[in-house]
Amino acid sequence: MVNTKTVVYEASYRDQLVDIWYRAVCRTHHFLTREDIAFYKNMVKNEALSAVEVWMEINEKREPVGFIGLDGTKIEMLFVDPEYHGKGIGSRLLEHAERKYGPNLKVDVNEQNEGAYAFYRRYGFVQTGRSELDGSGRPFPLLHLDLQR
């Protein structure tokens, strides 16, 4: 466990969050090509962070170490700095979302991202559906998960 605090996103942190996103995706999304990562990185940088409610987990130096993007009860993104994987950051962000919006959380996870799927299952999410394409219409199947306590 690491001593962190959950705070609301400020635009001045955008580049740091994009960097966390990029490093986390490179570490965990081995099924994506460089071109795919560049496509999604542009989307995160120019659209995604401003399209949802974003909360950050920051360390003692006020540096972000992870973030979650919410659209009500739907988790649109959750990424943790790879240097902080396994230290409870992702779980704390999920706990924040659950305190804020209740236990009816939903998330889509890439089928090929087995680590993320296992993480959400450990937290109590169960698969309720599957789509062949991701939200951008690309051929990366999504598993639809609902939190069930």
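Helices (H or I, at least four residues) and strands (E, at least two) are DSSP runs, numbered from the N terminus. In this numbering, Arg62 lies in the loop between strand E2 (53–58) and strand E3. The model described here is predicted.

Arg62 deserves attention for its backbone. Most residues other than glycine have a negative phi. Arg62 is not a glycine, yet its phi is positive, at about 65°. Because its relative accessibility is 41%, Arg62 counts as partly exposed.

The interior is considered next. In soluble globular proteins, nonpolar side chains tend to be buried together. Here the largest nonpolar core has 24 residues, and those with the most contacts inside it are Ile68, Ile75, Leu78, Leu94, Tyr120, Phe125 and Leu145. At least two residues of this core come from each of strand E3 (64–71), strand E4 (74–80), helix H3 (89–101), strand E5 (106–110), helix H4 (114–123) and strand E7 (142–147). Helix H4 gives the most to this core, with 5 residues. Another core, of 23 residues, lies apart from it and includes Tyr13, Val18, Ile20 and Phe140.

Not counting residues up to four places away in sequence, Ile75 touches Ile68, Gly69, Leu70, Leu94, Leu105, Lys106, Val107, Asp108, Tyr120 and Phe125.

Thr4 is found in the segment before strand E1 (5–8). Thr4 is buried because its relative accessible area is 15%, and buried means under 20%. Leaving aside neighbours within four places in sequence, Thr4 is in contact with Glu57, Ile58, Asn59, Val65, Ile89 and Arg92.

| Side chain | Partner side chain | Polar contact |
|---|---|---|
| Thr4 | Glu57 | 2.6 Å |
| Thr4 | Arg92 | 3.1 Å |

The last topic is a pair of helices. Two packed helices are described by the angle between their axes and the distance between the axes. The axes of helix H1 (residues 14–28) and helix H2 (residues 34–51) come within 10 Å and cross at roughly 150°. H1 is therefore roughly antiparallel to H2. The crossing of H1 and H2 is right-handed. On the H1 side, Arg14, Asp15, Leu17, Val18, Trp21, Tyr22, Val25 and Cys26 meet Ile37, Tyr40, Lys41, Val44, Lys45, Asn46 and Leu49 of H2.

Note on methods
Residues numbered from 1 in each chain as written. Predicted model: local features only at pLDDT ≥ 70, side-chain atom pairs only at ≥ 80, totals over all residues. Heavy atoms only, no water. Core = buried A, V, L, I, M, F, W, Y, C linked by side-chain atoms within 4.5 Å. Buried < 20%, exposed > 50% of the residue type's maximum accessible area, 1.4 Å probe, protein only. Contact = heavy atoms within 4.5 Å. Polar contact = N/O pair within 3.5 Å; in protein donor to acceptor, adjacent residues only side chain to side chain. Axes fitted to C-alpha atoms, helices over the stretch in contact; angles between N-to-C directions. Parallel < 35°, antiparallel > 145°, perpendicular 65-115°, else oblique. Left-handed = near helix turned anticlockwise from the far one by under 90°.
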